[in-house]
Amino acid sequence: MADDAAAERARMVERQLAARGIGNPAVLAAMGAIPREEFVPPALRHEAYADGPLPIGCGQTISQPYIVALMAETAGPPLGRVLDIGTGSGYAAAVMARLAREVFSVERHPPLAEAARERLARLGILNVHVRAGDGMLGWPEEAPFDAILCAAAAQEIPAAWRSQLAVGGRLVLPVGPAHGAQELRVLTRTGPDSWADRTLGAVAFVPLTAGLPGPA
Ligand code: SAH
């Protein structure tokens with residue numbers, strides 16, 4: 001079982017990542033090391049290395065492996081402190097934990113945050129700190145960050161993220177409407193008030209939602 005997963009993981013790295021241009025050896029190694037099957041619901045374990053997102057509960061998804069790798073590579077590892085918005089399963093945070101010294105991860109749905117925290121602890125990943133809350137506020141006490149990654153599409157980039165990014169740091173996020181045309185963007189803070197902005201292409205993410213979920 002574990003051997004099967006390792007073989008599937010190696011195939012995923014080769015066919016979904018390296019073949020599509022992910023070239024950073026540290027990113028490929030991180031993607032080859034984190035057991036994605038531990039981050040998906042038990043009923044979907046057999047699909048853990050499929051080339052797409054999968055449902056993880058609370059109406060959310062674990063991102064496609066290629067997107068996780070692309071965002072990690074774009075963030076520019078090796079990194080110091082990283083802010084990860086939208087913990088979800090904790091998978092992207094676990095990958096970033098191998099590419100950064102400390103990862104601070106915020107999830108809006110408390111059950112997902114709790115499950116991710118337990119999963120990361122069980123896997124012995126100690127440099128990810130998970131908080132349940134509104135990620136649009138960032139994590140001011142832990143700023144500045146060398147990179148900020150967001151796994152939910154923002155209509156507009158929250159001001160808190162811009163102010164919590166270190167000069168020289170990168171903000172990698174999908175921008176666009178909930179079910180409309182979204183693009184993956186990279187904003188580099190080139191000075192206290194100056195930014196460079198580029199686009200990596202079209203993507204489809206769950207929406208970034210303000211505030212905390214109300215009672216069901
Ligand atoms: N990185 C995750 C992907 C999760 S999908 C993984 O690897 O599994 C994006 C996540 O963003 C969802 O879990 C969603 O609940 C969360 N999210 C949406 N709006 C948010 C907000 N304002 N603050 C924090 N998390 C948010």
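# Exercises: charge pairs, cores and voids

At a relative accessibility of 24%, Glu 142 counts as partly exposed. The model behind this value, and behind every exercise below, is predicted.

**Exercise 1. Find the residue whose side chain meets that of Glu 142 in a salt bridge, and say which parts of the chain the pair ties together.**

Step 1. Look for the partner. Side chains of opposite charge can pair when their charged atoms come close. The partner here is Arg 81, at 2.5 Å from N to O.

Step 2. Glu 142 sits in the loop between strand S5 (128-132) and S6, while Arg 81 belongs to strand S3 (residues 79-85), so the bridge ties together parts 61 residues apart in sequence.

Step 3. Check the exposure of the partner. Arg 81 is partly exposed, with 24% relative accessibility.

**Exercise 2. Which residues do salt bridges with shared partners join into one network?**

Step 1. Glu 38, Arg 45 and Arg 122 form the network.

Step 2. Take one bridge within it. The side chains of Glu 38 and Arg 45 meet at 3.6 Å, N to O.

Step 3. Glu 38 is partly exposed at 22%. Arg 45 is partly exposed at 31%.

Step 4. The structure has a count of 8 salt bridges.

**Exercise 3. Is Arg 9 buried or exposed, and which residues does Arg 9 contact?**

Step 1. Locate Arg 9. This arginine is found in helix H1 (residues 2-17).

Step 2. Apply the cut-off. Buried means under 20% relative accessible area; Arg 9 has 10%, so Arg 9 is buried.

Step 3. List the contacts, leaving aside neighbours within four places in sequence. They are Met 31, Gly 32, Ala 33, Ile 34, Pro 35, Glu 37 and Tyr 49.

Step 4. Take one contact further. Ile 34 is 25 residues from Arg 9 along the chain, and their C-alpha atoms are 8.7 Å apart.

**Exercise 4. How many residues does the largest nonpolar core have, and which element gives the most to this core?**

Step 1. The core has 51 residues. Those with the most contacts inside it are Leu 17, Met 31, Tyr 91 and Met 96.

Step 2. H3 gives the most, with 8 residues.

Step 3. Return to Tyr 91. Residues up to four places away in sequence are not counted. Tyr 91 then touches Met 12, Met 31, Ile 34, Arg 36, Phe 39, Ile 62 and Val 68.

**Exercise 5. What is the volume of the largest pocket, and which residues are closest to its centre?**

Step 1. The volume is about 570 Å³.

Step 2. The lining has 36 residues, and the closest to the centre are Thr 61, Ala 151, Ala 152, Phe 205 and Val 206.

Step 3. Find the contributing elements. Two or more lining residues come from each of strand S2 (60-62), helix H3 (65-75), helix H4 (91-97), strand S4 (100-107) and strand S9 (194-203). S2 gives the most, with 3 residues.

**Exercise 6. How many cavities of 30 Å³ or more does the structure hold, and what lines the largest cavity?**

Step 1. The structure holds 1 such cavity. About 90 Å³ of space lies in the largest cavity.

Step 2. Its lining includes Ser 63, Asp 84, Leu 149, Cys 150 and Phe 205.

Step 3. H3, H4 and strand S6 (145-150) each supply at least two lining residues. H3 has the largest share, 3 residues.

Step 4. By type, the lining of the largest cavity divides into 9 nonpolar, 1 polar and 1 charged.

Note on methods:
Residues numbered from 1 in each chain as written. Predicted model: local features only at pLDDT ≥ 70, side-chain atom pairs only at ≥ 80, totals over all residues. Heavy atoms only, no water. 1 Å grid on protein atoms, 1.4 Å probe; cavity = no way out; pocket = protein on both sides within 12 Å on 5 of 7 lines; lining within 4 Å. Points joined across faces, edges and corners; volume = space filled by probe spheres on them. Helix = DSSP H or I, 4+ residues; strand = E, 2+ residues; numbered from the N terminus. Core = buried A, V, L, I, M, F, W, Y, C linked by side-chain atoms within 4.5 Å. Buried < 20%, exposed > 50% of the residue type's maximum accessible area, 1.4 Å probe, protein only. Contact = heavy atoms within 4.5 Å. Nonpolar A, V, L, I, M, F, W, Y, C, P; charged D, E, K, R; others polar. Salt bridge = Lys/Arg side-chain N within 4 Å of Asp/Glu carboxyl O.
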